[in-house]
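Thank you all for making time this morning.

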Amino acid sequence: PPDSEELGRATWTFLHTTAAYYPERPTPSQRANMLTLLRSLPVLYPCTHCADDFGEDVKLNAPNVSGRAGLSRWLCERHNEVNKKLGKEQFDCAKTDERWKDGPAD
Ligand code: FAD
């Protein structure tokens, strides 16, 4: 099986970066494609117990694909659910853009 730590870091990087650059006002097609992408993870993510738990969480917390701010926050909260489960620190969701888009202010 794949290295779940390496796979996780790569996947979060892809997801948070894609959310950070998602449009403020996505077209219906962009929204539909983002929903498809997110709903594919519980089906296809190659760590089965991770995918199952993520699917349960997404059932309880519907994806917010309305725009970049809402999507970035939704994803931050989902990642924090995984962090909690793994005993990792909670990430401050106010810092999502700094981490995934803008870089630290100097
Ligand atoms: P990661 O958690 O991979 O985070 C990478 C970087 O993202 C961090 O260094 C930090 O800068 C930033 N970050 C952290 N939290 C947030 C946040 N809330 N919002 C924005 N940015 C943040 N592993 C398991 O062992 N069991 C599981 O059930 C499991 N489920 C997963 C489900 C999904 C959908 C994904 C994508 C991964 C899952 N993983 C799971 C992997 C796990 O989440 C980590 O990726 C892995 O343990 C490596 O952790 P890390 O400490 O290097 O940082």
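Is threonine 96 buried or exposed? What we have here is a predicted model, and in it threonine 96 has a relative accessibility of 7%, which is under the 20% cut-off, so threonine 96 counts as buried.

As for where this residue sits, threonine 96 belongs to helix H5, which covers residues 96–102. Leaving aside residues up to four places away in sequence, the residues that threonine 96 touches are Ser72, Cys76, Phe91 and Lys101. The side chain of threonine 96 also reaches the backbone oxygen of cysteine 93, at 2.9 Å.

Let me now turn to the ligand, which is surrounded by 22 residues, the closest being Arg9, His79, Lys85, Lys88 and Arg99. Arginine 99 has a polar side-chain atom 2.6 Å from an oxygen atom of the ligand, while for lysine 88 the corresponding distance, again from a polar side-chain atom to a ligand oxygen, is 2.9 Å. In tryptophan 12, an N or O atom of the side chain lies 2.9 Å from an oxygen atom of the ligand. On its own the ligand has 960 Å² of accessible area, and the protein covers 85% of that.

The ligand takes up the space of the largest pocket. Helices H1 (4–20), H3 (48–60), H4 (68–85) and H5 each give two or more residues to the shell around the ligand, and H1 gives the most, with seven residues.

Notes
Residues numbered from 1 in each chain as written. Predicted model: local features only at pLDDT ≥ 70, side-chain atom pairs only at ≥ 80, totals over all residues. Heavy atoms only, no water. Helix = DSSP H or I, 4+ residues; strand = E, 2+ residues; numbered from the N terminus. Buried < 20%, exposed > 50% of the residue type's maximum accessible area, 1.4 Å probe, protein only. Contact = heavy atoms within 4.5 Å. Polar contact = N/O pair within 3.5 Å; in protein donor to acceptor, adjacent residues only side chain to side chain. Near = heavy atom within 4 Å. Areas by Shrake-Rupley, 256 points an atom, 1.4 Å probe, with all protein chains shown as cover. 1 Å grid on protein atoms, 1.4 Å probe; cavity = no way out; pocket = protein on both sides within 12 Å on 5 of 7 lines; lining within 4 Å. Sits in = over half its atoms within 2 Å of the grid points.
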